[in-house]
Amino acid sequence: SLAEAASRCRGCALYEDASQTVFGHGHPDASIMLVGEQPGDREDVEGLPFVGPAGRLLARALGDADIDPEWTYQTNVVKHFKFTRKGGTRRIHQKPNRSEVVACRPWLIAEIHALQPTTIVLLGATAAQALLGNTFRVSESRGELLSLPIEIDVDAAPLLSATVHPSSVLRARVDREKAYQQLVADLSKVRANLTNRE
Ligand code: URA
C-alpha cells in the first residue's frame with residue numbers, strides 16, 4: 001500500500017519528468033535494507049531499483065561479501081529519476097537537491113517502519129546524509145557501525161552502516177578494483193555483524 005500511495009506522490013516536482021515512481025523492492029522479511037540515492041535511467045524505465053549498471057555491480061559486491069541479494073530490500077532516498085537531456089535523447093543523472101530529499105524522506109522512514117530491518121546500509125553521501133545529517137562524511141565513517149537517529153522511532157533500532165555508492169566504483173578511473181574491494185570490505189563488516197547476532 002505504501003508503494004501504491006507513493007505512485008501518486010506529488011511531494012516535489014520530480015514526478016513531472018520521470019516515467020514513474022520507483023519504490024523499494026525486495027524480500028519483505030529482509031534483515032538488510034540497502035538505500036541508494038535515486039533511480040537511474042534503467043530503473044526509471046523498469047520501475048525497479050538497482051536494475052542498471054550500478055545495481056549489477058552492487059549485486060556482485062553483495063555476493064562477494066556473502067550476502068544473498070535476494071535476501072535484501074533495496075530502495076532509494078528519492079523515488080523519482082532526476083535528469084537533464086543531452087543531445088536530444090540521452091538522459092543524464094542529476095543529483096537531487098536538499099528539498100527533494102526532504103520531500104521524499106517520509107517514504108523512506110515509512111519503509112523502515114514497515115520492514116523493521118535489523119541493518120540499514122546507506123550507499124553514498126545522499127543516502128547517508130538523508131538519515132544522518134548534512135555533516136556526515138562517508139569518507140570518514142564508512143564501514144563503521146552506527147545507530148539510527150533517535151527521532152526515527154522504531155521498535156528495535158536497526159544498525160546503520162554507510163559506504164560508497166556503487167556508481168562511484170564504476171566512475172573510478174584509477175584503482176577501480178581497489179575501490180570495489182573496499183566496497184566489498186564494508187559490506188563484509190555488515191555481514192559479519194549479522195552473523196554475530198544470529
Ligand atoms: N543508483 C541508485 O542510487 N539507485 C538505483 O536504484 C540505481 C542507481
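The legends below describe close-up views of a predicted model.

View 1. The residues around the ligand are Gly 36, Glu 37, Gln 38, Pro 39, Gly 40, Glu 43, Pro 49, Phe 50, Asn 76 and His 165. Three of these residues can be followed atom by atom: a polar backbone atom of Gln 38 is 3.0 Å from a nitrogen atom of the ligand, a backbone N or O atom of Phe 50 lies 2.9 Å from an oxygen atom of the ligand, and an N or O atom in the side chain of His 165 is 2.6 Å from an oxygen atom of the ligand. On its own the ligand has 230 Å² of accessible area, and the protein covers 92% of that area.

**View 2. Phe 50 and Asp 66, two residues with positive phi.** Most residues other than glycine have a negative phi. Phe 50 has a phi near 55°, a positive value, and Asp 66 likewise has a positive phi, near 65°. Phe 50 sits in the loop between helix 2 (41–46) and helix 3 (53–64), while Asp 66 belongs to the loop between helix 3 and strand 3. Is Phe 50 buried or exposed? Its relative accessibility is 12%, and because a residue under 20% is called buried, Phe 50 counts as buried. Asp 66 has a relative accessible area of 54% and is therefore exposed, since the cut-off for exposed is over 50%.

View 3. At Cys 104 the helix bends by about 40°, and a proline, Pro 106, follows within four residues. The buried residues of helix 4 are Glu 100, Val 101, Cys 104, Trp 107, Leu 108, Ile 109, Glu 111, Ile 112 and Leu 115, and their cover includes helix 1 (2–6), strand 2 (32–36), strand 3 (72–76), strand 6 (119–123) and helix 5 (125–132). Val 102, also found in helix 4, counts as partly exposed at 45% relative accessibility. Between the C-alpha atoms of Val 102 and Ala 114, which are twelve residues apart in sequence, the distance is 19 Å. After the helix comes Gln 116, whose phi is positive, near 45°.

**View 4. Helix 5 and the elements that enclose it.** Why is helix 5 described as largely enclosed by the rest of the structure? Six of its eight residues are buried, so the description follows from that count. These buried residues are Thr 126, Ala 127, Ala 128, Gln 129, Ala 130 and Leu 131, and the elements they pack against are strand 2, helix 4, strand 6, helix 6 (138–141) and strand 8 (159–163). Gly 133 follows helix 5 and has a positive phi, near 100°.

**View 5. Gln 20 and its contacts.** Gln 20 lies in the loop between helix 1 and strand 1 (25–26) and is partly exposed, with a relative accessible area of 31%. Leaving aside residues up to four places away in sequence, Gln 20 touches Asp 44, Val 45, Glu 46, Gly 47, Lys 79 and His 80. Its side chain reaches the backbone oxygen of Asp 44 at 2.9 Å, and a polar atom of that side chain lies 3.1 Å from the backbone oxygen of Val 45.

Conventions. Residues numbered from 1 in each chain as written. Predicted model: local features only at pLDDT ≥ 70, side-chain atom pairs only at ≥ 80, totals over all residues. Heavy atoms only, no water. Bend = angle between axes of the 7 residues up to and from the residue. Helix = DSSP H or I, 4+ residues; strand = E, 2+ residues; numbered from the N terminus. Buried < 20%, exposed > 50% of the residue type's maximum accessible area, 1.4 Å probe, protein only. Contact = heavy atoms within 4.5 Å. Near = heavy atom within 4 Å. Polar contact = N/O pair within 3.5 Å; in protein donor to acceptor, adjacent residues only side chain to side chain. Areas by Shrake-Rupley, 256 points an atom, 1.4 Å probe, with all protein chains shown as cover.
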